[in-house]
There are 2 protein chains.
Amino acid sequence: MSTHFADRLTEAVLWKNTALCVGLDPRWDSLPRQIRERYTTDLIGAAAACEVFCLRVLELVAPFCGVVKPQSAFFEACGPTGFAAQQKVLARARELGLLTILDAKRGDIASTATAYADAAFGIWDADALTVNPYLGRDAVEPFLSVARKSDRGLFVLVRTSNPGAGLFQDVKSGERTLYEIVGDAVANWSGENPGKCGYGDVGAVVGATHPKELQSLRQRLPGVWFLVPGYGAQGGSAADVRAAFRADGLGAIVNSSRGITFPFQPDDDDWESKIIAAAKKSAAELAIK
Amino acid sequence: MSTHFADRLTEAVLWKNTALCVGLDPRWDSLPRQIRERYTTDLIGAAAACEVFCLRVLELVAPFCGVVKPQSAFFEACGPTGFAAQQKVLARARELGLLTILDAKRGDIASTATAYADAAFGIWDADALTVNPYLGRDAVEPFLSVARKSDRGLFVLVRTSNPGAGLFQDVKSGERTLYEIVGDAVANWSGENPGKCGYGDVGAVVGATHPKELQSLRQRLPGVWFLVPGYGAQGGSAADVRAAFRADGLGAIVNSSRGITFPFQPDDDDWESKIIAAAKKSAAELAIK
């Protein structure tokens, strides 16, 4: 690739005129019966069923979003073959012109971090990877070093959307909470390498379930793209996420996983049309213009 | 399994009379030429070479340690086949009676965390998994819930051994640093389910490169097993790690990866005897009695 990650992300969002990012969390138990009944219930069968489902979801949602976020845990839960499925899903997303964020929340140091980054941007060929900052500076920089070789990006966990997130993220030191301290570090990393759009190549994960914190972080980190989980099935509304955007309507992509990909019961025969309807509705709610 | 994780860990350490844990970080570039020349240089070949090397290392070090710690990143860097290799390495360690800690530093919430835990304790069949606490309470509890179903354990990152670890871990709130706050949470989780040995099933990762912090955390968390990285190639000495042990000589396992598994140059023909010598030396330095 030869275009800066943040510029590609901006293009992806403007192209489909929506901040919607569709999360791919394939769970065997939730898959359509029409798909499950074609496979064995062992890991190989589960991996194949998850792959077929995700490939179909990509085709169904591609008209309504520019970005997709496969969740690595659900592919890992299908064993080695699950990772082969993950690879095919990311490749197919790329073929469809979708920007991909591999949600693996990796975090390690030195050559170990480099190995994870080589896997994320080489083997899995993702456009961006989610990264956990707990290990500090040298846990982020090796990922960034690999990412910048081929114009990829990172999204660092800052303030997550889960109920127990505050246990450590809200710890206050002087005037700043831990998530603000992490956010400021993200702004520094991001500012090292801005794209033409003005945003950097290190984004922040900020949950939709904390609208006030979303608003204050938006003001604090003007040059940082946000990845906002927690919209839809996790409880965040389109109004809740409004604070994540800059005045130009850019600056945030809003993820919905279950709300888009599982708006049906496994026995429903019309699961495809339900996915299309859910994607269309969310894309409109999150329209840029 | 029907024996509490902490009791199995205690047995493993007493059985070999050493706190040594051997880390398996298979890097293609560091593998013996004798092994590399038998394989292609693509991912499939790299995975096979890493597998063969690790299986041989397990046999070489088994007399000198009760615990091994495969690093998932290096298997992931070989693609889907690398994960098949990871699975075989963990299975072989188990056959040899070694307790296994899968070092994957996973961190996520709810059903995603459960998927990672199902993979760690089901597919990869590890005795314990390293976990990143940044996401808070609900990032640890799903892992713990799965672990307890089959007497597995967790090691939560508390104070890591890397130079940049302090950026967030040393943030101070009132009287406590973030790593102390995380440590106290680990003590609470661990105290929920103590084994006969008095230790719980949630351990703490505390680096050898900070001997003072190691000492104060040892006093602070008396019922918590420590996994101590940073010994050997990372600079921590046997004297540095002494503070990690309780008076009975238990309470800590000390990891060495490169220092044990790569004490040779790739062209050396006597790499096996060098691994044996390194393991024997470190095991003696870290003897319990």
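Which residue of S4(B) does Arg106(B) stand opposite?

1. Arg106(B) stands opposite Val131(B) in S4(B). This is a predicted model, in which local features need pLDDT of at least 70, side-chain atom pairs count only at pLDDT 80 or more, and totals for chains, interfaces and linings use all residues. Residues are numbered from 1 along each chain as its sequence is written, while chains are lettered from A and ligands numbered from 1 in the order in which they are written.

2. Strand S3 (residues 99–106) of chain B runs parallel to S4(B), joined by 3 bridges; strands pair if DSSP finds at least two bridges between them. Helices (H or I, at least four residues) and strands (E, at least two) are DSSP runs, numbered from the N terminus.

3. On the other pairing of S4(B), strand S5 (residues 153–159) of chain B is also parallel, with 4 bridges. Here Val131(B) stands opposite Val156(B).

4. Helix H6 (residues 110–123) of chain B lies in a right-handed β-α-β unit with S3(B) and S4(B). From S4(B) the chain crosses through helix H7 (residues 137–149) of chain B to S5(B), again a right-handed crossover. Right-handed means that, with the strands pointing away from the viewer, the path from the first strand over the helix to the second runs clockwise.

5. Strand S4 (residues 128–131) of chain B is covered on both faces: Ala128(B) and Thr130(B) on one side, and Leu129(B) and Val131(B) on the other, are all buried (20 or more other C-beta atoms within 10 Å of the residue's own, with C-beta atoms placed from the backbone).

6. In chain A there are 13 helices and 10 strands, and buried residues make up 60% of its 289 residues.

Technical notes. A residue is buried if 20 or more other C-beta atoms lie within 10 Å of its own, exposed if 12 or fewer, and partly exposed in between; C-beta atoms are placed from the backbone.
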